[in-house]
Amino acid sequence: MIVHNGRALAAAVLVAAGVAIAAPAAEASTGAITGIGGTCLDVPGNANGTRVQLWSCTGGPAQQWTARSEGTITAASGKCLDVAGGSHADGAAVQIYDCNGTGAQLWQPQGGALVNTASGKCLDATGVSSADGTPLQLWTCTGGTNQRWTLPGGTTVPATGFCPQGPFGSPLPSGHLTAVKIRDGYNFLEGPTWDKATQSLLLTNMHDGTGEENVQPSDIMRYTPATATFTTVVPDAGSNGLALSRDGTSVLAATHDQRTVSAYNLATGVRTTVAADYQGRRFNSPNDLTEGPDGTIYFTDPDFQRADRPDEMGGKTGVFRVRDGVVSLIDDTIREPNGIELSPDGKTLYVGGNATGKIYRYPVNADGSTGPRADFASLAGTDGGTVDCAGNVYQVTYGDGLVHVYSPSGQSLGTISAGPNATNAAFGGPDGKTLYITSGTPSGGGDSGNFALYSVQLNVPGWPY
């Protein structure tokens, strides 16, 4: 929620986008309201109907707002933050207007968002942009970073991360489910991750190896369910597993092309290196990754995409973490570690041993380090995986095209079948209950693979990667 002068702004409950919406407490404060990229809520005029925008913070009067107990937010002119025409439609303009007490001018903070009480929709920066002049609009609440705001004198505190509050029931409608194919025709799909801000799925399509070292090129694609379209968003990304950053501004990528972990800015496509090597030695081929609530990134380093490049890890494959640019070894005794997931509370790390027939778990300490490894379940051929908001673990096995579901205690709950060779899975959809699975037939040469994206609706929402 948004904390206002050290107090939680909370009261009556409203439901929007599957989350509880709390009313503000009886207190007002004046100052800047900040959003995506640290930009400020700005109004370039005082006339009724002036569109509200984002702008680099200046401290000027155009960026001074007062949030009041009854839910109004007023500009320095005394006029109210208002939805044009009292509209409830996605894309409705947000402006200033003479205060009139209508629902179009009442806003309630919840989970970092500002929700218009009349429509149940969120204050939204169009295009997931932080550029100067980005207009603000009303939009269905997605939980995206372009809908997160900090009120004057306060800080944004996400109460439950990606997950709504429970309790949750059984995750599977039955003991064995069959996922539905969305589209095939791709060479080798991997690394799905859900982008709430755009309500779309990012995933990797890997091609056959090329060049003297036989390294596999790959592209990052976007699947948009609302339009049933697939587009390429980052060509030649060199990626395998993907994970949306916690702030939603970039996609983290296990990039085997440079034997690194990278981040791609979703607005600009600019690539930065997150982890280049370990003690001066290049990784084998980073494969899957996940990010903790404190920003620690955990990743696996098998040698599947090392190709014909030299081994700098002394024959070992490992699990690593990187925090504040410092890479630390977690474990180099697992042969071909692959899928890696965190429990919703960030306190347990799961790693699939592709060549060991085991899923392992590690306790995660407050500083992001991990404790002693323990066996979680026995399962051969593990690939990617995910978790749901109840803490159930979903582990994909390549050879049989199945997703195996386990309770947090390691009890088998059932399976989900997809194509013949499943590689990874991630939750998504408006309610977070759609499980997306990548699976198919690998290439026999010449990019002849036939991989598809599958989906199945489950009972419990889950993690987007």
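Cysteine 163 and cysteine 389 are joined by a disulfide, with their sulfur atoms 2.0 Å apart; the term stands for a pair of cysteine sulfur atoms within 2.5 Å. The torsion about this S-S bond is -85°, and the link of cysteine 163 and cysteine 389 is left-handed. Cysteine 163 sits in the loop between E16 and strand E17 (176-178), while cysteine 389 sits in the loop between strand E35 (382-387) and strand E36 (393-397), so the bond ties together parts that are 226 residues apart in sequence. Strands here are DSSP runs (E, at least two residues), numbered from the N terminus. Cysteine 163 and cysteine 389 are buried, where buried means under 20% relative accessible area, exposed over 50%, and partly exposed in between (1.4 Å probe, protein chains only).

A word on the model: it is predicted, and local features need pLDDT of at least 70, side-chain atom pairs count only at pLDDT 80 or more, and totals for chains, interfaces and linings use all residues. Residues are numbered from 1 along each chain as its sequence is written, and side-chain values use heavy atoms, with hydrogens and water left out.

Let us look at the other bonds. The whole structure has four disulfides, and with the bonded cysteines numbered in sequence order the pairing reads 1-2, 3-4, 5-6, 7-8. One of them links cysteine 80 to cysteine 99, S to S 2.0 Å. Its torsion of about 100° is why the disulfide of cysteine 80 and cysteine 99 is right-handed. Cysteine 80 belongs to strand E10 (residues 80-83) and cysteine 99 to the loop between strand E11 (94-97) and strand E12 (107-110), so this pair ties together parts that are 19 residues apart in sequence. Cysteine 80 is buried at 1% relative accessibility, whereas cysteine 99 is partly exposed at 41%.

Cysteine 122 and cysteine 141 form another disulfide, with sulfur atoms 2.1 Å apart, and this link is right-handed, with 100° about the S-S bond. Both cysteine 122 and cysteine 141 are buried.

The largest cavity has a volume of about 100 Å³, volume being the space filled by probe spheres set on grid points joined across faces, edges and corners. Of its 14 lining residues, Leu242, Leu289, Gly385, Asn424 and Tyr465 are the closest to its centre. E31 gives the most to this lining, with three residues.

Note on methods
1 Å grid on protein atoms, 1.4 Å probe; cavity = no way out; pocket = protein on both sides within 12 Å on 5 of 7 lines; lining within 4 Å. Helix = DSSP H or I, 4+ residues; strand = E, 2+ residues; numbered from the N terminus.
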